[in-house]
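Take a look at the fold first, then read on.

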Amino acid sequence: PLELLAEAARRQHLASRLRTQLFDVCDMSAPLPEADLVMASDLLYERSTAEAMARRVAEARRRGSVVLVCDIGRPNRKVFLEGLRHTLPEESADFS
């Protein structure tokens, strides 16, 4: 999927503005890479991953990143949203 994104950016002459990176959201010993936009998709299967993703979203938002999480109703969406409300009570989050 990252290769497809990189190719799409290249074809639209945006490659110099895009950097993709695989990242283990559960490895809290590594800081989240700097980014204007953080995107995550299809990762709320496991409770531990949903909890970690909520912490990573909070980390990204606190440094000023825009965050987009895509989910089609995986089992731990509720865990993710509860974690997000706990770590970022000043912001609202919802899936549409």
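The report below covers a helix, the core, the surface patch and the salt bridges.

This is a predicted model.

**Helix H2**

Start with helix H2, residues 47-62. H2 has 16 residues. From its first C-alpha to its last, H2 reaches 23 Å, close to the 22 Å expected at 1.5 Å a residue. Its buried residues are Thr 49, Ala 50, Ala 52, Met 53, Ala 54, Arg 56, Val 57, Ala 58 and Ala 60. These buried residues pack against E1, E2 and helix H3 (77-87). After H2 comes Gly 64, with a positive phi near 105°.

**The core**

The largest nonpolar core holds 16 residues. Met 53, Val 57 and Phe 80 touch the most other members. H2 and H3 are the elements that give two or more residues to this core. The largest share, 6 residues, comes from H2.

**The surface patch**

Leu 37, Met 39, Val 66 and Leu 68 form a nonpolar patch on the surface. Together they have about 370 Å² of accessible area. Strand E1 (37-41) and strand E2 (66-70) each give two or more residues to the patch. Leu 68 lies in strand E2. Leu 68 counts as partly exposed because its relative accessibility is 40%, between the 20% and 50% cut-offs.

**Salt bridges**

The count comes to 7 salt bridges.

| Pair | Distance |
|---|---|
| Glu 7 and Arg 10 | 2.5 Å |
| Arg 74 and Asp 42 | 2.8 Å |
| Arg 61 and Glu 91 | 3.0 Å |

Glu 7 and Arg 10 both lie in helix H1 (residues 2-11). They are 3 residues apart, about one turn of the helix. An α-helix has 3.6 residues a turn, so residues three or four places apart point the same way. Glu 7 is partly exposed at 26% relative accessible area, and Arg 10 is partly exposed at 48%. Glu 7, Arg 10 and Arg 11 are linked in a network of salt bridges.

The side chains of Arg 74 and Asp 42 also meet in a salt bridge. Arg 74 lies in the loop between E2 and H3 and Asp 42 in the loop between E1 and H2, so this pair ties together parts 32 residues apart in sequence. Arg 74 is partly exposed at 23%, and Asp 42 is partly exposed at 37%.

Arg 61 forms a salt bridge with Glu 91. Arg 61 sits in helix H2 and Glu 91 in the segment after H3, so the pair ties together parts 30 residues apart in sequence. Arg 61 is partly exposed at 29%, and Glu 91 is partly exposed at 31%.

Notes. Residues are numbered from 1 along each chain as its sequence is written. This is a predicted model: local features need pLDDT of at least 70, side-chain atom pairs count only at pLDDT 80 or more; totals for chains, interfaces and linings use all residues. Side-chain values use heavy atoms; hydrogens and water are left out. Patches are made of residues with over 30% relative accessible area and no salt bridge: like charges are joined within 9 Å, nonpolar side chains (Val, Leu, Ile, Met, Phe, Trp, Tyr) within 5 Å. Accessible areas come from the Shrake-Rupley method with a 1.4 Å probe; for residues, only the protein chains shown count as cover. A salt bridge is a side-chain nitrogen of Lys or Arg within 4 Å of a carboxyl oxygen of Asp or Glu. Helices (H or I, at least four residues) and strands (E, at least two) are DSSP runs, numbered from the N terminus. Buried means under 20% relative accessible area, exposed over 50%, partly exposed in between (1.4 Å probe, protein chains only). The expected span of a helix is 1.5 Å times one less than its number of residues. Contact means heavy atoms within 4.5 Å. A nonpolar core is a set of buried Ala, Val, Leu, Ile, Met, Phe, Trp, Tyr and Cys residues joined through side-chain atoms within 4.5 Å.
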